[in-house]
Structure formats: structure tokens, C-alpha cells
Amino acid sequence: MELKKLFVSIDIEGIEGISDTLEATTTNKKYRPDLMEEHIKMVFDEVFDLFDVEKVVVADSHASGTNLNYNFYDDPRVWHIKGAPRLYYMMTGIDSEFDAAFFLGYHSGANSPGGVLNHTYAGAVIHRITINGKVVNEAILNSGVAGYFNVPVVLISGDDYLEKECDVLKERGTRFLVTKNAIGRYSAMMKPRSVLKKELRKILQDIKSANRSEFKPFNFEPPFEIEIEMHYPQMAELCSFIPQVERKGSHTVIYRDDNYLNIYNMLIALTKLAASTLT
Ligand SMILES: [Zn+2]
């Protein structure tokens, strides 16, 4: 398939070389945004070599979206969205004009039994999220936003646990680049960059030779019901002050809507609201 217009959302926890919370903490001296840049540069070098790309939009999507340096990839086709808060958070900038989306450096979800630095949006807030009764992670939730615009997610990079959680995306053609093998939450066997590069090239060649019809945009079945289980009762209590948000038990709230974008943005807003009880 062609990749003329490509949307990229990049996080840090799934990047090769990252295993510790401090390496993903923007205010810590061990913070390693340079590894994100090395990863995305590796991907862009190969993508620009193989495909006839016209435009790439990158949504800088870890924490407050200020990880990549301005002009980190000096190419007139590469546009960079940064900063937060922003509508559609990790998916800001996507629309129906894109041929495909890549999710780079992604990680397994909050209640995964394994995976490096697993969490969903806010580790300090979210214990578990389900949509229509099914447990979801960031990759699946964000794929729903891409799917709303009829854009397939063709490549995801992250650890081996993330791949295990994403059968629902693999069924729709999404390819996985495994950056590291998780040993524990804060430990992993890192793949050498040269090996990773070879595997990436093979996957991209495979995407290039595939038909567009092999990749199916991901959508949840409407009507949508999102259930968010939080770490503390006061978080669910505060969120339930919003009239459309229903409290279910001590730690959990529910929101229903027929529009998936409303579900997504409500999730992001509730996460921030709940986090405000921590300070
Ligand atoms: Zn992150």
C-alpha cells in the first residue's frame, strides 16, 4: 500500500532502551527523550527510503507532549504537534485524509499482568478501562479514534507484552515491531538497534507490498459505554459531579455516548480531573 499521508503518535515507555520510570519522567535527570528521537529517526529514514511520502504529522504524545525537539527531523514533509492539554490528546491532528497511522513506543495497559511500565494514560489514576465490557489499552483506544476517521493503524512499536494485548488490532492487519522483551515492570531484554532496524525494514517492505484492503480501520460497536476504574474513591466521586457521568461502586465511573470522539475526550478530561485529587 501507499503511505502518502502518514499520521504518527509517539510515546516513550515502549521505546528500546527504556525500562525505568525515571527514564520517562520529564523532570528527572535520567529522562531519555533522546531515545524517542533515535527511534522515530530510524523509522522515518526507512519510511522515506521505501515510500513516496508527501506529508507526515507527528503527535508528540508522552506526558505533556514536549518530548521531541523542534525540527527533530529536518524535512519539509514532517510536521510536529506538541504541548498539552489538547483535544484528542495522543491522536491530535488525525483526519480522514491520512492513508495510515503508526503508533511508536507504545506500552501495555494498566491492568496487564506484564509489560514494561504498563499503564493507561495516567498510572497514578487509572486501574482499568473497559469499553462495552472489553478491557482496553491506549493502543486500542487510540485505534478507535483513527477508525472513526477510517484510518487503519498499520504499525505499532513496543514491547512483546503490548503485542500480546492487541489481537483485536492484529486481526485488522496491524504489524508489530517488538522493541524489547519484558522481564518485569521495570526490566527488559533490549533488542540491538541493528537487529531492530532490519526487522523494521522487513515489516515496512511487507506493508508496501500488501493491498490497502488488508488493513481494516478499528471501530468499537456503538452505542459506547466506557467504564473507568480508578485507584481512589475520591477520584470517582469528583468525576461523578459531571451530570452525564454515573458512579458505579466506590472506585468506578461510567459514561455513555453514541459518538466515539466524545467517549475519548471525556476519558482524557476525567483522567485529568481525577488526577487533581492527588495534589
Ligand atoms: Zn507515555
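This is a predicted model: local features need pLDDT of at least 70, side-chain atom pairs count only at pLDDT 80 or more; totals for chains, interfaces and linings use all residues.
1. Eight residues from domain 1 and six residues from domain 2 make up the contact. On the domain 1 side, the residues touching domain 2 are seven nonpolar, one polar and no charged.

2. Sheet. An open sheet is formed by six strands, in the order E3-E2-E1-E4-E7-E8, with parallel pairing. Strand E3 (78–81) and strand E8 (175–178) are the edge strands, each pairing on one side only. On average, and ignoring direction, neighbouring strands are turned by 15° against each other.

3. Pairing of E2 and E3. Strand E2 (residues 55–60) pairs with E3 in the parallel sense, over four bridges. Opposite His80 in E3 stands Val58.

4. Helices on the sheet. Helix H2 (residues 138–148) lies across strand E1 (5–10), strand E4 (100–106) and strand E7 (153–158), and runs at about 160° to E4. Helix H5 (residues 193–209) lies across E7 and E8, at about 175° to E8.

5. Tyr264. This residue is found in helix H7 (residues 260–275). Tyr264 counts as buried because it has 24 C-beta neighbours inside 10 Å, against a cut-off of 20 or more. Leaving aside residues up to four places away in sequence, Tyr264 touches Tyr88, Leu141, Gly144 and Val145. From Asn118, Tyr264 is 146 residues away in sequence and 20 Å away in space, C-alpha to C-alpha.

Conventions:
Residues are numbered from 1 along each chain as its sequence is written. Helices (H or I, at least four residues) and strands (E, at least two) are DSSP runs, numbered from the N terminus. A residue is buried if 20 or more other C-beta atoms lie within 10 Å of its own, exposed if 12 or fewer, and partly exposed in between; C-beta atoms are placed from the backbone. Two residues are in contact if their C-beta atoms, placed from the backbone, lie within 7 Å. Ala, Val, Leu, Ile, Met, Phe, Trp, Tyr, Cys and Pro count as nonpolar, Asp, Glu, Lys and Arg as charged, and the others, Gly among them, as polar. Two strands pair if DSSP finds at least two bridges between them. Axes are lines fitted to C-alpha atoms, for helices over the stretch in contact, and angles run from 0 to 180 degrees between N-to-C directions.
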